[in-house]
Amino acid sequence: MEADDDIPEAVAVPPRRARFSPIWIVPILAILVAIGVAWERLASEGPTITITFKSADGIEAGKTFVKYKEVNIGQVTSVRLTDDAQNVEVLARIAKSASALMVEDAHFWVVRPRISLSGVSGLSTLISGNYIGFEAGASKKKEKQYTGLEVPPIVTGNTPGRQYVLQSTDLGSLGIGSPLYYRRLPVGQVVAYDLAPDGSSVQIRVFVSAPYDKYVVRDTRFYNASGVDVSLTANGLDVRTQSLVALLEGGIAFETPPGYASSSQAASETVFPLFHDRVTAMKVDESIATRYVLFFKESVRGLSVGAPVNFYGVAVGEVTEVGLFFDPKNLDVKPRVEVVLYPERVVAQLPTGQGARLQALVEQQGIRREFMQKLVEQRSLRAQLATGSLLTGQRFVSLGYFPKAAKTRLDWTQVPAELPTVVSTLPEIEEKLGRIIDKLEKVPLDGIAEDLRKALTSLDETLREARLTIQRFDTDVTPSLKAALNDARGALGAAEKMLTSTETNLVGPGAPGQVELRNAMQELARAARSLRVLADYLERHPESLIRGKTAEPAPK
Amino acid sequence: MTSAAARGLVSCPECALVSRPVTPQAPGHCPRCGEKLVFRRENAIQRTWALLIAATVLYAPANLLPVLATTTIVSSSSETIMSGVIYLYASGSWPLALIVFVASIVIPIGKIVTLGFVLVTVQRGMTTSDRQRTRLYRIVEFIGRWSMLDVFVDTFVVALVQLSPLMSVEPGPGVVYFMAVVVLTMFAAMSFDPRLIWDRSKAIRGS
């Protein structure tokens with residue numbers, strides 16, 4: 001080491017520290033991963049929407065999901081009161097994949113268990129908690145503010161079928177979800193109801209699911225099927241109900257009157273009237289109606305609006321108005337009844353071929369009037385009050401021919417025309433009965449009784465006389481009668497004797513008559529025998545009748 | 001008193017035996033325990049920084065992403081670390097909440113901050129309070145493994161609570177990031193050379 005002192009020592013250069021160590025890959029990777037996570041998070045972040053509900057019953061931030069077709073599409077992030085503290089605002093973050101569904105006509109509602117007569121829904125929410133249901137809309141316009149529905153929509157938008165609007169005077173026992181029946185088959189539901197804007201009627205929206213919607217044609221009648229329809233008719237008791245559910249919960253049924261079934265299918269949103277019962281609904285649409293006014297001369301008690309007008313027992317119209325009429329000419333008040341007659345109902349009762357022909361005629365007013373005029377003026381068609389039920393006293397108007405009625409004219413200038421009337425049969429009978437009673441009253445019953453008594457007295461006398469006569473007969477006639485009887489007995493004894501002798505002469509053995517008789521009988525037997533022989537022969541040889549006996553000589 | 005390095009000697013990082021290096025460039029191996037000798041860990045500061053930055057970056061998803069997804073019939077919920085702490089506290093078990101909070105929030109953040117502080121001071125050539133800084137570093141090295149508590153709890157819960165369909169627990173993505181944070185901070189602490197703390201120190205206390 002000493003010897004080498006003059007040799008300069010090499011400079012030890014410490015290895016230059018690498019500017020960049022591969023360890024930096026680690027933080028770079030970390031940053032990339034973090035950025036990736038953040039990006040993924042941001043990319044999957046859908047829109048946050050606000051739904052306003054009346055109450056946040058069962059909605060919890062972070063726990064309540066928004067589900068569409070039972071798939072989670074979002075989650076409630078916060079629940080808060082609106083600024084006016086009237087409603088609840090629910091903020092929900094919607095998944096990116098479902099953000100396209102957030103259009104302005106989408107609907108949200110809270111799914112909670114609902115148990116009604118027509119079914120149970122949302123039962124799964126009993127254990128899973130409520131969730132927010134979602135129904136996609138058709139619009140393309142995006143929306144972030146929604147008002148939640150209080151009741152879930154019955155029919156989701158993509159269920160095939162059609163909606164119709166029914167107009168009714170009241171809602172009755174119907175509600176959302178009330179069933180709709182066609183031939184007692186549940187085919188739809190009531191989806192909504194609302195008052196008409198002017199408050200005069202109720203508009204009920206019904207949904208008829210496909211394929212049943214094709215049975216809804218333009219002439220289809222919708223009627224309330226709630227409850228039981230009991231009618232006591234001439235055919236007996238008629239009870240009609242739809243189903244037990246309809247009975248309890250109400251429902252609507254629809255039916256198309258026969259003859260209209262072929263009309264075209266009703267378009268969606270068509271408005272139909274909702275009838276109260278089937279009978280009213282199914283009345284054939286009477287486009288042709290003629291109004292008449294009737295003036296009666298008797299009480300119209302028991303006649304109500306809607307009472308039928310019968311012609312030969314067939315309902316051809318109905319009473320539309322019952323009231324009084326003041327006649328200024330003779331200062332009289334009389335009952336005035338307005339009826340409407342439907343000529344088509346008469347046509348409907350005719351056989352098919354005839355009906356079609358007459359329908360064409362009926363549709364022309366001139367012909368119709370002429371026909372009616374003929375009936376009234378020539379055949380004396382008259383209206384008459386008739387009693388429908390003696391129990392309830394319900395009355396109706398009956399049309400019939402009364403040839404004895406005074407002639408009258410049908411004046412078409414009056415609107416409505418006056419149809420002449422006759423007094424009803426029941427008062428007529430009453431009148432007749434009254435007359436009979438009057439006559440009975442006039443009968444002199446007292447005189448008759450006096451005469452009767454006199455007659456009885458004289459009868460008594462006669463009988464007494466008769467008894468005297470018999471007594472006399474007893475005393476005077478009987479002894480001589482006895483003598484006569486004795487004589488008769490003697491005569492009978494003589495007759496007996498004579499008969500005995502006759503017997504000996506005529507029929508006793510050896511009596512000449514007897515012998516002769518026996519001989520005659522024998523002769524007769526012989527004759528009979530030969531006749532039998534002849535008959536036998538003829539049977540064997542019938543030809544002998546023509547040819548005569550061949551081998552043997554013919555018997556005598 | 002000068003450091004061993006200043007006198008051209010090298011101390012074994014494992015058994016602390018001070019020996020003469022073979023050459024200053026390649027000090028060779030410890031004659032006692034055979035450990036490779038280095039004057040100072042190579043690129044210690046740079047490496048520590050790199051790992052620390054990586055840990056810091058991953059700390060964000062570790063806390064923002066759920067670590068535990070619980071699915072029951074009733075509901076399904078996912079908890080992040082902090083929401084879990086809040087849930088535990090709200091449900092009354094505050095000691096448990098405290099443990100989780102300390103193990104999962106305080107310790108990782110403390111580790112990152114402490115290491116960062118030590119690194120900055122070393123780079124800046126700070127010469128004061130060497131002992132405190134050394135103690136800090138030792139604490140960081142010691143407690144590093146304990147912050148895996150959260151990960152352990154997570155795995156235990158996931159393994160135990162599998163009562164499907166009634167209830168099931170699944171690990172969330174956050175737990176992976178959290179684990180990465182813990183591991184990275186542990187590596188960061190290991191890659192740091194505490195001898196750097198007192199290299200620049202002029203006065204070495206004690207005798």
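Modeller: A crossing is left-handed if the near helix is turned anticlockwise from the far one by less than a right angle, right-handed if clockwise.

Colleague: Which way do helix 3 and helix 6 of chain B cross, left-handed or right-handed?

Modeller: The crossing of helix 3 of chain B and helix 6 of chain B is left-handed. This is a predicted model, in which local features need pLDDT of at least 70 and side-chain atom pairs pLDDT 80 or more, while totals for chains, interfaces and linings use all residues. Residues are numbered from 1 along each chain as written, with chains lettered from A and ligands numbered from 1 in the order written.

Colleague: At what angle do those two cross, and how far apart are the axes?

Modeller: The axes of helix 3 of chain B and helix 6 (residues 174-191) of chain B cross at roughly 30° and come within 10 Å. Axes are lines fitted to C-alpha atoms over the stretch in contact, with angles from 0 to 180 degrees between N-to-C directions.

Colleague: Which residues of helix 3 of chain B meet helix 6 of chain B?

Modeller: Helix 3 of chain B brings B:Pro108, B:Lys111, B:Ile112 and B:Leu115. Facing them in helix 6 of chain B are B:Val181, B:Val182, B:Thr185, B:Ala188 and B:Ala189. Contact here puts two C-beta atoms, placed from the backbone, within 7 Å.

Colleague: And how does helix 3 of chain B pack on helix 4 of chain B?

Modeller: Helix 3 (residues 94-124) of chain B packs on helix 4 (residues 130-143) of chain B at about 145°, with the axes 10 Å apart. The crossing of helix 3 of chain B and helix 4 of chain B is left-handed. From helix 3 of chain B, the contact residues include B:Lys111 and B:Leu115, and B:Lys111 and B:Leu115 also meet helix 6 of chain B. Helix 4 of chain B supplies B:Arg133, B:Leu136, B:Tyr137, B:Val140 and B:Ile143.

Colleague: How many helices and strands in chain B overall?

Modeller: Chain B has seven helices and six strands, in the sequence pattern β-β-α-β-β-α-α-α-α-β-β-α-α. Helices (H or I, at least four residues) and strands (E, at least two) are DSSP runs numbered from the N terminus. Of the chain B contacts with a separation of 6 or more, 63% join residues 24 or more positions apart.

Colleague: Switching to chain A. What is the order of strands in the eight-stranded open sheet?

Modeller: Chain A has eleven helices and 26 strands, and the open sheet runs 25-19-22-21-20-24-23-26 with mixed pairing. Pairing takes at least two DSSP bridges. Strand 25 (417-418) and strand 26 (421-422) of chain A are the edges, each pairing on one side only.

Colleague: How many bridges join strand 19 to strand 25 of chain A?

Modeller: Two bridges, and strand 19 (residues 290-295) of chain A runs parallel to strand 25 of chain A.

Colleague: Which residues take a positive phi in the hairpins around strand 12 of chain A?

Modeller: A:Arg183, near 55°, sits in the hairpin of strand 11 and strand 12 of chain A, with two residues between the strands. A:Gly199, near 75°, sits in the hairpin of strand 12 and strand 13 of chain A, with six residues between the strands.

Colleague: How do strands 11, 12 and 13 of chain A pair, parallel or antiparallel?

Modeller: Strand 11 (residues 179-182) and strand 12 (residues 185-195) of chain A are antiparallel over four bridges, with A:Tyr182 partnered by A:Leu185. Strand 12 and strand 13 (residues 202-209) of chain A are antiparallel over seven bridges, where A:Asp194 has A:Gln203 as partner.
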